[in-house]
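Here is a short briefing to read alongside the sequence and the 3D view. Keep the viewer open and click along as you go.

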Amino acid sequence: MAGIVKPPGEFSITPHKVSVCILLQIYAPSVQISLPFPFASVAQHNRLGLFLLALTKSCDDILEPKLDELISQLREVFGVLNPRFVDHLTTRLSALSSPDDLFNFFTEMRGILGGPESCALEDEQVILDPASNLGMFLRRCILAFNLLAFEGVCHLLTNIGVYCKEALSSCASYETTCFEDSSSNLEAFPEYENMDLENFVFKKVTEEIEARKRASERVSFHLHAPKALFDLVEDIEAPADPKSKHSDKVGETSPYVHPPNYALKEFEPNSGIFLRTNWQIQGYLQEQADALEKNGSSFSLNAFELILRQLHKLAPELHRVHFLRYLNSLCHDDYFAALENLHRYFDYSAGTEGIDFVPPASGSNSFGRYEIALLFLGMMHFQFGHPKQALEVLTEAVRVSQQLSNDTCLAYTLAAICNLLSEIGVSNTAGILGSSFSPLTSIGISLSVQQQLFVLLRGSLKRAESLKLKRLVASNHLAMAKFDLTHVQRPLVSFGPKASMKLRTCPTNVCKELRLSSHLISEFGFESSTMTTDGAFSTAWLKNLQKPLGSAILSQENGSGSNENAFQFCVQPSSIPGSVLQLIGSSYLLRATAWELYGSAPLARINALVYATCFTDASSSSDAALAYVKLIQHLAVFRGYKEAFAALKIAEEKFLSVSKSRILILKLQLLHERALHRGHLKLAQQVCDELGVLASSVTGVDMELKTEASLRHARTLLAANQYSEAAAVAHSLFCMCYKFNLQVENATVLLLLAEVHKRSGNAVLGLPYALASLSFCQSFNLDLLKASATLTLAELWLSLGSNHAKRALSLIQGALPMILGHGGLELRARAYIAEAKCYLSDPSFSVSENSEVVLDPLSQASVELQVLEYHELAAETFYLMATVFHKLGQLEEREEAANSFKKHMMALKNPLDDEDPLFNVL
Amino acid sequence: MNSKESCRSELRIAIRQLSDRCLYTASKWAAEQLTGIEQDPANFTPSNTRFQWGSSSIRRRFRTNEITSTPIAGVSYVSTPVMEEDDAVDGDFYLLAKSYFDCREYRRAAHVLRDQTGKKSVFLRCYALYLAGEKRKEEEVIELEGPLGKSDSVNRELVSLERELSTLRKNGSIGPFGLYLYGLVLKEKGSENVARTVLVESVNSYPWNWNAWSELQSLCTTIDTLNSLNLNNHWMKDFFLASAYQEIRMHSESLAKYEYLQGTFGYSNYIQAQIAKAQYSLREFQQVETIFEELLRNDPYRVEDMDMYSNVLYANECSSALSYLAHRVFMTDKYRPESCCIIGNYYSLKGQHEKSVMYFRRALKLNKNYLSAWTLMGHEYIEMKNTPAAVDAYRRAIDINPCDYRAWYGLGQAYEMMGMPFYALHYFRKSVFLQPNDSRLWISMAHCYETDQLRMLEEAIKCYRRAANCNDREAIALHQLAKLQYELGRPEEAAFYYKKDLERMEAEEREGPNMVEALLYLATYYKTQKRFEEAEVYCTRLLDFTGPEKETAKSLLRGMRTTQSGFSSMNVEHFSP
């Protein structure tokens, strides 16, 4: 509420902060204290400083640690044999027994801050610079204490009491019964005269506890031990005696049982629970948001929700919590919860604590930034697969941010719309855009969807560049590259055949865009906030304390007492923000796709490999799955199906829950290819149909998948020798691709048509198709496809008669370098066979003189085809080999080749007789 | 219906028992009902007459309602034996503790009773402890207010109280009052299901404790939970059900129950006020106003529920009556949230929104969960064009009670004001879901669909249709429907709705630009349809109006005559005057 809420960022003093102050005093003793704390070494001294810094900065949790947690951390840092810190801490804390003690304590604290004149002191003295991190912390503590009303001081005192008591009760649960009598009066808690009594108990028990604690520490980290402990506590409090109130509290808050489990804490009196500083909590939420984005559904919905609920209870004015809740439910596909939380968050925050929030200049913007809410709502609808609503909302966002001249939001919104347009199937948008798409109709030209997308992309890129939004620029470049890759650009205004065809699909252009986007990595430094790096660093440091715990315990047993390794910064947190990594990663993925299209298999593979090895940590799992898909496809084409299926199995296990569809599609593709090669036409048709079903899911038609499905359908028909049907399917497919401007697919379909005519023995009809495909490939720089089109062309010429054999041979030889360098097994084998056929049909060629020229490629082809299990072509190869051997008079080899020919023909005829282990994968 | 006399005697005993246990609210409630029972004319003494207001106008005016409410047939009430006091004479310690309690020194009272074992003493001790904890909690909420808002302080006595009471319950020595307290503690701790069973146990063994009933009612938020309760048939159950029905927005059922109860408790102010509440939800403002006038005449220092009266006065724009009411409650008790709310309403009606906000804010300081103050403050901010503040206020109202359709509606309005109609739709949808019979909500939603940015006219038509079906008072829906249908090029449907609108205006004897528009459209429509007779009727009606339409009508008439004479010259004498 605009008026009622206090400004955020206040700092309240808590028992934990008092502890930190005490430790600070050890770190930098004031001049008045005659005897400075004896440190074993300078390194130890520095370690304490680092530890304190980490305590004030880490954001791994929302709650401040309890005393016993702090003590155990101290032990880890300084070794168990050095209990002086702990002793000092506990005695100082327990000495705070009246409000006056607190006043004195903080006055004393002021002494350790170095003033401006402190430089005159001798140099052994450690001086806390008031402007340093720790100095600031101390100053804030002192200020917060001075601002406290008397009630506040009383509360602080009570809380320190609880803080100490919880720490000792965790170990003292055995003897709760012993001092129950003395503590039974504590039920009337705010009566301060009890404090002395309590402290007395505290002192008395402390030594005993230390001993016990040392003994029990080891077990406390195993799972079974706390249970036993807990049972013990339960036994004690079972008699429901109204006097045993105190022991009940002990049982409830025993830290051995609770800390990892927020659920149990829910209804506990929250006297011992304090939130960390605002800064730390914001850092925590930021980290969690990153983690959510990265890991998605592997994040536990309920556990995180419980933490958030508790946080909301403790800090009802911290609205960021609602945003995290939104993210959480978004990741777990809970539409209603996500919608509810999104609206709640923006209602409360008015968009003024968002990600990229720039504080309004001179208070001109007092009306909130609700357009950001629209942006998020649009992205949410997109995520849930409601493209229509998403587009409506984003359009509204464009309008509102234009009205309020929020350029940043506008740039992001445009980028989001681009993303939306390029992601959802093109056929889908036509209806939506026609009716209500206002930002573009103002241009006055009726544009196709792709043209709209292009205009939007350009606009968004320009805006982002002028606003210096680095990440947005980078992602816009990526989108641009993606667009360039698949769409022919013509000058927008002058259409028609006469306009110069300046195509931007060439590799250099795409790579240029991609390179522009990776510039980001050198520039992100200006943008990343100090909070994330600082906080993440401290968190990592503290976490590393936990890791070598086992070894610490072992060394303690051995009595060596050295656990230096605990302080090495094992994992330096990467200083690159996750979002930047993700962007760069996707640029590699895009590169891989680009090379795949251009036909350079090795480059595509390398880029996919780079992605899979370097960026899987930062990327979303669906992107990682895509990289795996690419690698497996590569395997299938170059190494045969056996290896591909083995890899697929691994990938399936890895991406069990996420992005199943992509892996599923890959599996279907592989199965289809394999079935075609082996001649299992029924299976091929079945797989093909399934692919077609996947193409039109609930969320909308996936055009790419749809074209692929019908392409495969045509190929299946072709394999079944149903030429006219295959040609009909291919024709309609070509019409569709033409209609929706799917240029790359056009080339493929034309090639397929040429193939159909070739197979049907109608080579003259096939020639124009092959030539058309060739020219398409040329203009799109699809080198590999061009090579295979050349091959088809050569085959067509060859089938026209032996007088064209020379021409065919020269065509093949022209394409061979490309095919051998980048082509897959099938293409290579086909090239070999065609080459051999050319020689054989050439009347001037004599086999007996030059048998190697024919036999070499044929044997190569036979090896490769056997790997692929491509029976039809293999049979043809062996047939050719047999005839060659026959001509050469090598009868033994001839028989062998003939046998192989027979075997393959049999396999082709009876496709189902061999038991196929992969047959039932579906 | 059991005899009034037995009710009376039950209540008399109950009042004594309740106030003995310091359950003041419950005993106040019981006493109100006691005096609300209609006296037998046989034994009424002149001293009683001043409590009687049976001759008043309201009773006469609404007597018809009472008859139509069907008495519940075949209900046999379980007669719960009046509880025997375990010790007839209170111990000295008990007396001391009770006086401490009356002076609101709860801890002292609990301390005095520390060794007493009587049921009554144990209850009072626990209750005193509970209240002491509550008081401390309230204080702590203020003291511990952190940088990120109020911390959720907890009553520190809950843990020990729960343990003690659960042992008592296991021993069977807890008694109905102990059960009530146990239920209260359980509810605070969040174990609602157990709390519900415990409270049911309590009210079944001692039904006259209204506190227990109202706690139980706050735990029944759906009709299913309400139906699953296993309650004895006592007449107190009817009170409970009536109030529970109201809470889950089954207003007419609730009204029926109250009217049935009025048969016995004919003079109960409480029932009157509750009836007013139900009528208010049904938007019968006239009746509400009469009821409240009557209530104030009988109980001039009443502050409870008066905020609703002020809402009605606000809606009827009776500023002088509102100022009178505000003055009255102000003199009675200035620091009641209701009083602040009434004053806020008054200033709002006067157009002084800043002052109004100040008073709403004061009301919220007194009770930060005061739902209607949040909503009304949101309305004020809307008036002041401070939309972010309005959004915030509404959202807080929703977080207190997600069923508050006014707040959802307000949020929708706020976002629509900011030019985000699509975003606003979400909120309008919520509000119509909660209150599907309110035409204003449907009209606002339709309006939202109709905005220039969206132009989703089909959806708008659907909304207007809903609005027209649920008694649209301002008669906007029909007119808009007709217009939209015309815009979409469906003249027949447009004519249909214009005709309906016209009929309605005729029935309500209203005239205005809408009437002219409807007539003009119908005239031209029938003319194009070549149904000249109907067209002529509308044209002649148009002649009664002044303005350009009159001329249009004249020319239309003229045109029709010429075409008609051209068509069939034999019929020409038909038109001659």
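Predicted model: local features only at pLDDT ≥ 70, side-chain atom pairs only at ≥ 80, totals over all residues.

The phi angle of B:Arg249 is near 60 degrees, a positive value in a residue other than glycine.

**Another positive phi in a loop**
- B:Asp305 has a phi near 65 degrees, again a positive value in a residue other than glycine.
- You will find B:Asp305 in the loop between α16 (285–298) and α17 (306–315) of chain B.
- With a relative accessible area of 15%, B:Asp305 is buried.

**Chain B overall**
- Chain B has 32 helices and zero strands.
- Of its 577 residues, 52% count as buried.
- Among contacts in chain B with a separation of 6 or more, 57% are between residues 24 or more positions apart.

**A helix pair in chain B**
- Helix α18 (residues 319–332) and helix α19 (residues 337–349) of chain B have axes that come within 9 Å and cross at roughly 155 degrees.
- That angle is over 145 degrees, so α18(B) is roughly antiparallel to α19(B).
- On the α18(B) side, the contact includes B:Leu322, B:Leu325, B:Val329 and B:Phe330, while α19(B) contributes residues including B:Ile342, B:Ile343, B:Tyr346 and B:Leu349.
- The residues of this contact between α18(B) and α19(B) divide into nine nonpolar, four polar and no charged.
- The crossing of α18(B) past α19(B) is left-handed.

- In soluble globular proteins, nonpolar side chains tend to be buried together.
- Here the largest nonpolar core has 142 residues, and those with the most contacts inside it are A:Tyr326, A:Met380, B:Tyr415 and B:Tyr423.
- Helix α29 (residues 513–528) of chain B provides the largest share of this core, nine residues.
- Leaving aside neighbours within four places in sequence, B:Tyr423 is in contact with B:Tyr415 and with chain A residues including A:Leu342, A:His343, A:Phe346 and A:Glu396.
- A second, separate core of 100 residues includes B:Leu131, B:Tyr206, B:Phe239 and B:Leu255.

**A buried glutamine in chain A**
- A:Gln669 is in helix α32 (residues 660–678) of chain A.
- A:Gln669 counts as buried because its relative accessibility is 11%, and the cut-off is under 20%.
- Not counting residues up to four places away in sequence, A:Gln669 touches A:Gln633, A:Glu708 and A:Arg712.

Technical notes: Residues numbered from 1 in each chain as written. Chains lettered and ligands numbered in written order. Heavy atoms only, no water. Axes fitted to C-alpha atoms, helices over the stretch in contact; angles between N-to-C directions. Helix = DSSP H or I, 4+ residues; strand = E, 2+ residues; numbered from the N terminus. Parallel < 35°, antiparallel > 145°, perpendicular 65-115°, else oblique. Left-handed = near helix turned anticlockwise from the far one by under 90°. Contact = heavy atoms within 4.5 Å. Nonpolar A, V, L, I, M, F, W, Y, C, P; charged D, E, K, R; others polar. Core = buried A, V, L, I, M, F, W, Y, C linked by side-chain atoms within 4.5 Å. Buried < 20%, exposed > 50% of the residue type's maximum accessible area, 1.4 Å probe, protein only.
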